[in-house]
Structures are given as structure tokens and as C-alpha cells.
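Open the model in your viewer and keep the selection panel at hand. The tour goes stop by stop through charged pairs and then a pocket.

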Amino acid sequence: MAKVAILGFGTVGSGVAQVLTENGAHIGEKVHSPVELKYVLDVRDFPDSPFAPLVIHDFSLIENDPEVDIVVETIGGARIAWEFTKRALTAGKSVVTSNKELVAEHGCELMELAREHGVSYLYEASVGGGIPIIRPLKQCLAANELQEITGILNGTTNYILMRMIRGGLSFDDALKEAQAKGYAEADPTADVEGHDACRKICILASLAFGRHIYPAQVPTEGISAVTLADVAYAGSRGCKLKLLGRAIREEDGRVTAFVAPHLVGEEDPLSGVDDVFNAIKVKGNAIGDVMFYGRGAGKLPTASAVVADVMEAVRTKGAPKYLDWGPGAPDAVRGPDSLESPWYVRLSAPSARAAAIMAGEPLAREDAPEGETAFLTRPMTRAALDAALAGEKPLSVFRVLEG
Ligand code: HSE
């Protein structure tokens, strides 16, 4: 018999309780042991929930209960969740999490702590919700030297951009709609400004390239500067604006990592990823491109990944398999400054100098104000673009994803 405690009874935590209970019989059969939920820790009470009798408020009850084998951490954030995770691992309990902030900030040390105590620290649900990506990246693609990861990693921003593209909604209206549908995080800043996608690309890049990559090392730009004008110009070339997290292994072993809106051409499968779906494209030197696609957020898709990790922890008890990486270094990561790409530029009225970099690729949209100009450049670095635009105050500048 394996006993489980859930920390945090929000959307994901309650989904985990539901899946563990409703699918309990076949979960037990698959791992050859019944898996039972013993505690739900939260600061709140849930008198109307079927799980009300399991609700407690004191973590030390879990920490000191030798019957609890597995702690599911769905609190979120990197403060209380960090403390409880360290205490649970130190008490010899495996921890399963959906907490991307904690894994991105402290994953390396928590995995070391898990090793010290011979237990698991598993985090499949931290990236891509229900999409299997962590274990495939580490195990199924193990034969490859991984070269590049490009992902639509945040469902809320993908939804907002889709509503701007397809529905003609302004950014503000699309955000309000995403909030009303319950997609955006409690504080939408983390979604909209790209921090959520940043944490996820940090986890993927750390796993793929073997060294901890911290969010503070990854330049991050969100989607709040994207306008309907940009959407229209991009559309005139069959491109869609998408928020991408990218990590590229360079020849010298360093990693270029960043998060930014990109124009994505219709020939790229990422351009067809709509709604709150996520997709992660991985390039390996043997497999070429492979793409993982599915529901990147939501109660039951995320719970699906968490409960699968609970099952893995039960199956591998006593001989855990570590999906870990080495420590980071200040010079291991660099921003995208040296990465050449074509650029999309929108200007209110270009000078002759700026006109020289239009490279014959002007864009058009209906009802553009007098003088407004948008164009795609040839591939160049951001520094070269800035030099060519010296003296201009562009209304918008976004990278174009090259195939
Ligand atoms: N707010 C996140 C998203 C939830 O929209 O993708 C899943 O991490």
C-alpha cells in the first residue's frame, strides 16, 4: 500500500485527488499496489468536498507520518513549496510536483537532496501540463545530442494571440476573455510577460543540455506589446504571432536561451497550434525534428501527468530513476544577441536609412495610417538591426522564426 499526501488543494491538487480516487482501481493494478490518498494539506477548509475528512493544516503531520510515501506538491511558488519539498525529501518521502517555478529555480538542489535520501523528485507536470515531455526528453531521446528546443509553452498567451488573430480582439479584451475562462494564472503577469514560459524553457533546457539554467539568465519578453496591426501585417505573409521559448546548444557548449514573440510561417507546425494547446519541437542529431503537442494546462490534463509520476514513484521505490542535471554556471547561458534571424519591423514613417533594410519585403494591411510601414528584413543580429534603425523609434520589432 502506498499512501499519498497532497499539498495545496487548488485546481491541480483537486484534480490529482479526483484522478487518484476515480481511477484508483486501475492505478493500483498497474503498479501492483493500492495507492491511497491520506492527507490534503491546505490553509483553507473544504467542507463541501468529498475530500473534507482528509484536509489538514499542519505539514508536520505529513512529515512525521511514516505511512506517507509520496508527497504531491501543487502549492506553486518557490517559498512555502520549497520549504515543504525539502522537508518531505529529508524525511525520506518522494515528491511529485507540477510547480515550474520551484523546479526552474531550485530543481538541481532538490534532485540532489532526493538522491541523498534515496527517493524520487518528479516533475513531468511542470512543463506542458498533460503532454509527456520530461521523460521522453531524458529517456526516449537519450541517444541524441539535443540541439534545439522551441516551444509554445504557455496556453494563456497562445489563447490571447489566437483570439487577436482570429477574432480581431484587442490584447486587453482577449486577456479579459482568457481570465473569464480561467486560463490565466491568478496574476496574469506571469503568463503575459513570459515568466511562465521562461520557467518552462529553463526546465527543458536544463534537462536537455545538462546544466541548470536559471530564469534570471534568460532574457524574456511577453506579448503585451503585440498589436492588431502587427497581427494583420504578419497575416498578410501567412505568418502568425506566437510566444516562443527557445534554447539552442551552441558549438562551444553554451546555451542560447530566450523567450519572445515571433512571426511563425504557416509551413511550420507550430503555427497551427491554437487555443490553450502547447507544443514543443525538439531537434536531435539522430532524430531530426520531433514535436510534442497537447493540452498544456488545466485541471485533469495536469493531474494526469502528476498521477503518472506518483505511479512511477511507487514502481521505482527503493531504486529511483533520476531525471536530473548538473549545477549551473554564470557563463553557461547567453541571450540571443548573436542569433541571426529575419526581423519584422513596423515604423510610423521610415527614414531613407531604414528603407534601405526593407530588402524588398514590404508588408501591407488595410486601413494603415498614412506613413506607417512594415517590412521583413534579411537575417541579421539584433545589433545589426538596431544599427540600421539608428534614429528610428520602431513601433514594433519581432523576430521571424526560421524553418
Ligand atoms: N498559466 C499556465 C498556462 C498554466 O497558461 O500555460 C500552465 O502552466
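**Stop 1**

Select Glu 372 and Arg 346: they form a salt bridge, with the closest N and O atoms 2.9 Å apart. (A salt bridge here is a side-chain nitrogen of Lys or Arg within 4 Å of a carboxyl oxygen of Asp or Glu.) Glu 372 sits in the loop between β14 (362-363) and β15 (373-376), and Arg 346 in strand β13 (residues 343-347), so the pair ties together parts that are 26 residues apart in sequence. Helices (H or I, at least four residues) and strands (E, at least two) are DSSP runs, numbered from the N terminus. Both Glu 372 and Arg 346 are buried. (Buried means under 20% relative accessible area, exposed over 50%, partly exposed in between, with a 1.4 Å probe and protein chains only.)

A note on the source: this is a predicted model, where local features need pLDDT of at least 70, side-chain atom pairs count only at pLDDT 80 or more, and totals for chains, interfaces and linings use all residues. Residues are numbered from 1 along each chain as its sequence is written, and side-chain values use heavy atoms, with hydrogens and water left out.

**Stop 2**

Next, select Asp 309 and Arg 135. Their salt bridge has its closest N and O atoms 2.6 Å apart. Asp 309 lies in helix α12 (residues 299-315) and Arg 135 in helix α6 (residues 134-140), so this pair ties together parts 174 residues apart in sequence. Asp 309 counts as buried at 0% relative accessibility; Arg 135 does too, at 18%.

Now select Asp 196 and Lys 100. Here the closest N and O atoms of the salt bridge are 3.2 Å apart. Asp 196 is in helix α10 (residues 195-209) and Lys 100 in helix α5 (residues 100-117), so parts 96 residues apart in sequence are tied together. Both residues are buried.

How many salt bridges does a search of the whole structure find? It finds 29.

**Stop 3: the second largest pocket**

Select Glu 148, Arg 246, Leu 401, Glu 402 and Gly 403. Of the 17 lining residues of the second largest pocket, these lie nearest its centre. (On a 1 Å grid over the protein atoms alone, a pocket is an open set of points where a 1.4 Å probe fits, with protein on both sides within 12 Å along at least five of seven lines; lining residues have an atom within 4 Å of a point.) Strands β7 (146-152), β10 (277-284) and β16 (396-400) each give two or more residues to the lining.
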